[in-house]
Amino acid sequence: MTGRTARGVLVTLISVLWLVPTWLVVVNAFTPTEQYTGSPRWWFTSAGLFSNIRAAFDSADVGQGLLNTLMYSVIGGAVAVVISALAAFAVTVMPVRRPGLWFWFIFIGTVLPLQTFLSPLFTGYATTNLYDTQYGMVLIYVALTIPFAFFVNRNFMLTVPKEISESAQLDGVNWLSMFLRIHLPLARNALLAAFIFQFTWIWNDLLFGITLSLSPNVRPVTATLADLSGNYGTVGPPVVLAGALVASLPTVVLFFVFQRFFVNSLRLTA
Amino acid sequence: MDVLTPADPAASRTRPRRSHALVHDPRSERRRAAVWVGAFLTPAVALILLLLLAPFLITAWRSLFDDNGVTARFVGLSNYIALFSDPDFGRSLLNTVLWVVGTLVLPVLLGLLLAVLTHSVRWGAAARTAVVIPYALSGSATALLWTFLLKTDGAVNQTLNAVGLGGLQQEWLLHWPMNTLVMIVATTWQATGASLILFLIGLQTIPSETIEAARLDGAQGFQLFLRVILPQLRPMTVVVVGMSIVNSLKTFDIVWLLTQGGPGTASETLALTMYRQTFTLNRYGYGAAVSVVLTVVVVAASWLYLRRQVQQRSGEGV
């Protein structure tokens with residue numbers, strides 16, 4: 001009995017501890033800039049959230065940043081998932097020599113530290129005029145998210161029985177239609193899970209945003225927010241927090257919508 | 001299910017067709033297969049090669065030069081020699097080790113603890129939501145929030161003052177090793193949700209019969225956890241621990257946003273040292289040497305982890 005009480009107290013304590021910072025973000029995002037005194041507030045004084053959001057959108061182009069990020073996350077994530085599904089199909093279903101070698105060749109991308117790519121990419125982008133362009137950003141995000149999406153897809157395609165592709169092959173179905181009609185529909189859940197992971201990853205990326213882009217109509221929202229809170233920022237913390245809150249909303253929503261789905265799809269592979 | 005049904009009738013037709021295929025010219029057949037494989041693999045391989053592997057190899061090559069972005073002079077391994085005698089690099093390495101250990105101890109252990117404590121409790125879902133929300137927030141939002149909390153006139157000091165513990169007030173981000181430790185705490189706040197979810201999935205795969213049988217044998221509380229639950233969680237633990245090690249070795253975002261590695265270089269991790277050397281100081285060769293060292297450490301760690309995982313797989317027959 002005492003054990004259960006202790007457990008209850010402990011869990012409640014941890015939950016409260018976790019909620020306090022979340023609470024502070026919300027309350028202070030509601031504080032009007034002119035009432036902000038330099039120290040954080042603990043309770044709502046007025047509903048200044050929308051004027052703060054407007055200020056963030058006006059002064060720092062958070063709106064344009066959000067649009068850029070949305071485009072990179074959706075296009076980048078989708079293209080990466082399709083390309084990695086093709087590669088996963090080749091490695092698991094098609095008669096490839098040394099599939100293990102190809103696996104490591106692609107998978108190594110998740111292991112290498114991201115900072116290693118920065119300087120040569122910067123130089124390469126500058127010489128090929130990809131620097132500070134939306135094409136360039138999509139391209140790098142696709143390349144960066146392929147390895148993990150490939151890993152998820154490959155693990156799934158290994159579970160598809162070999163007999164299916166063998167008999168399809170004997171029926172004279174070519175590889176492309178086998179991929180499109182059999183493996184792609186079967187892998188639908190794995191594809192969706194991979195897409196959500198990669199969408200979130202691109203959404204939250206800061207490193208490549210600040211390195212490979214400069215102008216407001218190319219920069220992702222994470223970079224915009226980092227500028228806003230940096231030394232040169234001209235707006236107060238409430239505006240920054242309001243902007244951050246808006247920028248986090250899509251991933252929070254996505255996360256809760258797909259929470260059940262996440263658990264299920266992961267359980268399949270466990 | 002519709003997709004699966006053609007499999008059986010086709011299987012019965014297998015033999016005559018296969019012999020027919022053998023009569024076919026095998027060389028042109030193989031060539032055609034190679035073209036197909038190429039078409040499927042090329043996009044992924046080309047992108048990885050051009051945008052990830054080539055930059056990495058260029059970085060590795062560059063680390064052998066004294067390169068300021070304008071002129072480059074071949075200096076062999078002297079960047080590495082300079083690196084290992086640089087006290088700043090030593091501190092950066094130490095901070096990175098602190099991050100690895102800290103994120104193993106805090107988010108991973110707390111995630112495990114919370115998963116086990118809230119797993120079978122009805123109101124557990126509420127507690128889990130509280131912990132998972134920060135995980136869905138972006139890294140930069142988290143960093144903004146913690147700047148706000150940890151500033152010298154921030155929320156933490158304000159609270160300490162209000163409850164009469166003013167003596168405990170600190171300049172949290174201005175002194176080493178306190179700044180690294182509080183940033184690990186900030187990461188814990190955000191990252192525990194991820195390990196919590198993974199451990200919950202792991203707990204759900206344990207058959208309830210196993211737990212019941214252990215209960216009947218008299219295992220209770222901590223004993224039950226240590227002897228039954230923990231061994232059953234092992235495959236998931238390997239995944240969580242491995243992810244935690246690789247990610248913490250690459251720690252960048254939160255430090256960059258909270259302290260920019262400062263004051264001075266006190267809270268830099270390897271990733272930040274590399275970034276500053278290359279992009280702030282234009283010491284391309286030296287920065288490249290840092291990133292090669294970082295790569296060697298991460299690849300070694302993840303290889304050890306993957307190898308271990310594979311061994312366990314075969315050992316347990318999963």
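Helix 6 of chain A is mostly covered, with 17 of its 24 residues buried; a residue counts as buried if 20 or more other C-beta atoms lie within 10 Å of its own, as exposed if 12 or fewer do, and as partly exposed in between, with C-beta atoms placed from the backbone. Helices here are DSSP runs (H or I, at least four residues), as are strands (E, at least two), and both are numbered from the N terminus. The model is predicted: local features need pLDDT of at least 70 and side-chain atom pairs count only at pLDDT 80 or more, while totals for chains, interfaces and linings use all residues. Residues are numbered from 1 along each chain as its sequence is written, and chains are lettered from A and ligands numbered from 1 in the order in which they are written.

Helix 6 of chain A covers residues 134-157, and at 1.5 Å a residue its 24 residues should span 34 Å, which agrees with the 33 Å between its end C-alpha atoms. The expected span is 1.5 Å times one less than the number of residues.

A kink of about 30° is centred on Phe105(A). The buried residues of this helix are Trp102(A), Ile106(A) and Gly109(A). Their cover includes helix 3 (62-92) and helix 6 of chain A, together with helix 3 of chain B.

Across the whole of chain A there are 13 helices and zero strands. Of its 270 residues, 45% are buried. Among contacts in chain A with a separation of 6 or more, 74% join residues 24 or more positions apart; a contact means that two C-beta atoms, placed from the backbone, lie within 7 Å.

Chain B comes to 15 helices and two strands, and 40% of its 318 residues count as buried. For chain B, 69% of the contacts with a separation of 6 or more are between residues 24 or more positions apart. An automatic or database domain assignment gives domain 1 (16-62) and domain 2 (82-316) in chain B. Ser78(B) is found in helix 4 (residues 78-84) of chain B, and it counts as partly exposed because it has 15 C-beta neighbours inside 10 Å.

Where the two chains meet, the contact takes 71 residues from chain B and 75 residues from chain A. Helix 3 (residues 26-62) of chain B supplies the largest share of the chain B side, 16 residues. By class, that side has 49 nonpolar, 17 polar and five charged residues. Here Ala, Val, Leu, Ile, Met, Phe, Trp, Tyr, Cys and Pro count as nonpolar, Asp, Glu, Lys and Arg as charged, and the others, Gly among them, as polar.

As for confidence, the model scores ipTM 0.83 and pTM 0.77. Chain B averages a pLDDT of 79, and 86% of the residues score at least 70, on the predictor's per-residue confidence scale from 0 to 100. Over residues 1-22 of chain B, pLDDT stays under 50. Where pLDDT is low, the predicted coordinates should not be read in detail.

Key. The bend at a residue is the angle between axes fitted to the seven residues ending there and the seven starting there.
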